[in-house]
Amino acid sequence: MSDSNTTDFTNPSTFILLGIPGLEAAYTWLSIPFCAMYTIAILGNFTILFIVKREPSLHEPMYYFLCMLAVTDLVMTTSTVPKLLSIFWFNSREISFSACLTQMYFVLSSSGMESGFLVAMALDRYVAICHPLRHSTILTNSVVAKIGLAVVLRSGILSLPYPFLARRWPYCRTNIIPDSYCGHIAVVNLACGDIRISSYYGLFDLFSAIGIDVFFITVSYTQILRAIFRLPTKDARLKTFGTCISHLCAIFALYIPDFFSSLVYRFDHNVPLHLQVLIDSVYQLVPTLLHPIIYGVRTKQIRGRLLQIFTHKET
């Protein structure tokens, strides 16, 4: 009987997501801020897409990249939050093995795309500030489309090994995932084989892809700051630097929670499990929530278009 159960469990048909272990009594209350943040994030990103599409003055490389980022944010959040809310509200914890791996892939690839599009936006800021007269000839619509495609392909290809490696491991311990979604580390930690390949590849992807992105962003802003400090007046320097504030805030909103979450998950085993999972769950929402708010508040054209829409409706 024992042998039979072990054999049947080697390739589990379903996993059980615990949500946020240890905080089950607070699920109803936790669902309120998570649902509110998810709703605001969805509405905010769709608003960005709508305004950029309808406003001809926003048909520029920076806003095309912003739309790509908005779509990626929508995919990222929708891959995890609806399942988390179903756990909170309906205790719907089961997820099929294939759906689990699919969720893992979309979360990882979307995260990589977010980083890639921030690099593309840094390139736009660099060209706009350091080579303003050539901006429209360098970043043509064709070039913008190719950059967007390259970001999608890079992240999509780099994320493919994760579910394939996870599928080949034998799972003979348990099918219970102490997390709110099928994260890579959370899933492969259930395997009873040697998972060092998965761990090494995860670290390689983190420090190579994200590391390269951070390097290019750093180089871009080094050149941007050099160009800004060459400007003759303080007002000109502040005005030029002001065009980068939204992008810098978006960078911090993505990388700081991502970096902290990755380090806590991999290395700090003294952090309580419920706190690890809560931090990771919030991280899935923070960039998606903040990006449209940052650009909506900081970008004059988007803010003006929003005011026009509401003013028109009132009249």
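This is a predicted model: local features need pLDDT of at least 70, side-chain atom pairs count only at pLDDT 80 or more; totals for chains, interfaces and linings use all residues.

Student: What is the secondary structure of the protein chain?
Tutor: The chain comprises 14 helices and three strands.

Student: And how does the radius of gyration agree with that of a compact globule?
Tutor: The chain has a radius of gyration of 22 Å, which agrees with the value near 20 Å that a compact globule of 315 residues would have. Along the principal axes, the C-alpha atoms fill a box of roughly 80 × 45 × 35 Å. Of the 315 residues, 47% count as buried.

Student: Turning to charges, how many salt bridges are found in the whole structure?
Tutor: The search finds three. One of them joins Asp 213 and Arg 154, with the closest N and O atoms 2.8 Å apart.

Student: Which parts does that pair tie together?
Tutor: Asp 213 lies in helix 10 (residues 196-229) and Arg 154 in helix 7 (residues 141-159), so the pair links parts that are 59 residues apart in sequence. Asp 213 is buried, at 3% relative accessible area, whereas Arg 154 is partly exposed, at 26%.

Student: What about Arg 125 and Asp 124: buried or exposed?
Tutor: Both are buried. Their side chains meet in a salt bridge, at 2.8 Å from N to O.

Student: Which residue forms a salt bridge with Arg 196?
Tutor: That is Asp 194, and the closest N and O atoms are 2.8 Å apart. Arg 196 counts as exposed, at 51% relative accessibility, while Asp 194 counts as partly exposed, at 42%.

Student: Where is Asp 73 placed, please?
Tutor: Asp 73 is in helix 3 (residues 61-78). Asp 73 is buried yet has no salt bridge, and the nearest side chain of opposite charge, Arg 154, is 13 Å away.

Student: Which residues does Asp 73 touch, then?
Tutor: Leaving aside residues up to four places away in sequence, Asp 73 touches Asn 45, Glu 114, Pro 287, Thr 288 and His 291.

Student: A last topic: what is the phi of Asn 91?
Tutor: Asn 91 has a positive phi of about 55 degrees, although it is not a glycine. Most residues other than glycine have a negative phi. Asn 91 is found in the loop between helix 4 (81-90) and strand 2 (94-96), and it is partly exposed, with a relative accessible area of 47%.

How values were computed: Residues are numbered from 1 along each chain as its sequence is written. Side-chain values use heavy atoms; hydrogens and water are left out. Helices (H or I, at least four residues) and strands (E, at least two) are DSSP runs, numbered from the N terminus. The radius of gyration is taken over C-alpha atoms; the globule rule is 2.2 Å times the number of residues to the power 0.38. Buried means under 20% relative accessible area, exposed over 50%, partly exposed in between (1.4 Å probe, protein chains only). Lys and Arg count as positive and Asp and Glu as negative; His and the chain ends are not counted. A salt bridge is a side-chain nitrogen of Lys or Arg within 4 Å of a carboxyl oxygen of Asp or Glu. Contact means heavy atoms within 4.5 Å.
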